[in-house]
Each structure stands twice: as C-alpha cells, then as structure tokens.
Amino acid sequence: QLIKEVAGKANDSAGDGTTTASVLARELIKYGLQNIESGANPINIKKGIYKTCEFLVAELKKKAKPVKGREDIKAVASISAGNDDSVGEMIAEALDKVGADGVLSIESSSGFETTIEV
C-alpha cells in the first residue's frame with residue numbers, strides 16, 4: 001500500500017517516474033528495516049534519509065535545464081514516448097494548442113488513427 005501511495009504521489013507531482021519512485025521506495029524500506037533489525041536507531045535512519053533527500057533535490061535543481069520552446073518540448077516528449085519523434089511532434093502540437101499551463105490527457109484507442117482533440 002505504501003508503494004502504491006509513493007507511485008501515486010510521483011505521478012501527481014511529476015506526471016512520470018512512478019516506476020523509479022516505486023523501486024526507490026521498495027529499496028529504502030528493505031534496507032531501512034535491515035538496518036533497524038541490526039540495531040540501528042530508526043530516528044537516525046529517518047534523519048539520514050531526509051538529509052540525503054535534501055542533498056539530492058538540491059543537486060537535481062542545480063543540474064536541471066528549463067524546457068524552452070517547442071523544440072525542447074518535442075525532444076522531451078519524444079524521449080518519453082520511447083524516442084518516437086512523431087509522438088513528440090503531436091504532443092508539442094497539442095501543447096501549442098492548450099498553452100504552457102494546459103493539461104493533456106492521452107487515451108488509448110482500439111483504432112489505428114492518432115488524433116488530437118482540443
């Protein structure tokens with residue numbers, strides 16, 4: 001249940017990364033419990049996790065590159081779609097239509113045609 005919550009929160013906040021978040025949560029739980037069973041103080045483990053998290057978030061923010069313009073959106077969308085440039089182009093086109101603060105919903109279909117509806 002905890003891992004489902006982690007995946008849900010990752011999806012809500014980032015829209016992606018649910019598998020990564022689930023694997024990280026599973027490993028944190030596994031090794032955290034191992035350390036507690038070996039006599040480690042649970043409070044110190046929690047403090048260490050928070051300290052590490054703060055450090056990693058700061059490092060990621062330093063290395064983050066803002067997405068600027070249609071070409072960057074297309075590149076990110078193409079990578080997320082398994083390096084499919086046509087899907088990246090469609091997502092960039094859809095974002096052009098709804099704006100930078102718009103929301104996209106992607107639905108699967110039994111047909112062979114891929115369309116954009118606004």
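Q: Is isoleucine 106 buried or exposed?
A: Exposed, in this predicted model. Its relative accessibility is 72%, and over 50% counts as exposed.

Q: Where is isoleucine 106 found?
A: In the segment after helix 5, which covers 85–98.

Q: How far is isoleucine 106 from isoleucine 116?
A: Their C-alpha atoms are separated by 9.2 Å. Along the chain, the two are 10 residues apart.

Q: New topic. How many salt bridges does the structure hold?
A: There are 6.

Q: Which side chain meets arginine 26 in a salt bridge?
A: That of glutamate 27, at 3.1 Å from N to O.

Q: How exposed is arginine 26? And glutamate 27?
A: Arginine 26 is partly exposed, with a relative accessible area of 46%. Glutamate 27 also counts as partly exposed, at 23%.

Q: Why would such side chains pair up at all?
A: Opposite charges can pair when the charged atoms come close.

Q: What about arginine 70 and glutamate 89?
A: Their side chains meet in a salt bridge, 2.8 Å from N to O. Arginine 70 is in helix 4 and glutamate 89 in helix 5, so this pair ties together parts 19 residues apart in sequence.

Q: What does aspartate 96 form with arginine 70?
A: A salt bridge, with the closest N and O atoms 2.5 Å apart. Aspartate 96 lies in helix 5 and arginine 70 in helix 4, so the pair ties together parts that are 26 residues apart in sequence.

Q: Which residues do shared partners join into one network?
A: Arg70, Lys74, Glu89 and Asp96.

Q: How exposed are arginine 70, glutamate 89 and aspartate 96?
A: Arginine 70 is partly exposed, with 29% relative accessible area. Glutamate 89 is partly exposed at 27%. Aspartate 96 is partly exposed too, at 48%.

Q: How many residues does helix 4 have?
A: It has 12, residues 69–80. From first C-alpha to last, helix 4 reaches 17 Å, close to the 16 Å expected.

Q: What comes just after helix 4?
A: Glycine 82, which takes a positive phi of about 75 degrees.

Q: Is the crossing left-handed or right-handed?
A: Helix 2 passes helix 3 in a right-handed crossing.

Q: Which residues meet there?
A: From helix 2, Leu28, Gly32, Asn35 and Ile36. From helix 3, Pro42, Ile45 and Ile49.

Q: How do the residues of that contact divide?
A: Into 5 nonpolar, 2 polar and no charged.

Technical notes: Residues are numbered from 1 along each chain as its sequence is written. This is a predicted model: local features need pLDDT of at least 70, side-chain atom pairs count only at pLDDT 80 or more; totals for chains, interfaces and linings use all residues. Side-chain values use heavy atoms; hydrogens and water are left out. Helices (H or I, at least four residues) and strands (E, at least two) are DSSP runs, numbered from the N terminus. The expected span of a helix is 1.5 Å times one less than its number of residues. Buried means under 20% relative accessible area, exposed over 50%, partly exposed in between (1.4 Å probe, protein chains only). A crossing is left-handed if the near helix is turned anticlockwise from the far one by less than a right angle, and right-handed if clockwise. Contact means heavy atoms within 4.5 Å. Ala, Val, Leu, Ile, Met, Phe, Trp, Tyr, Cys and Pro count as nonpolar, Asp, Glu, Lys and Arg as charged, and the others, Gly among them, as polar. A salt bridge is a side-chain nitrogen of Lys or Arg within 4 Å of a carboxyl oxygen of Asp or Glu.
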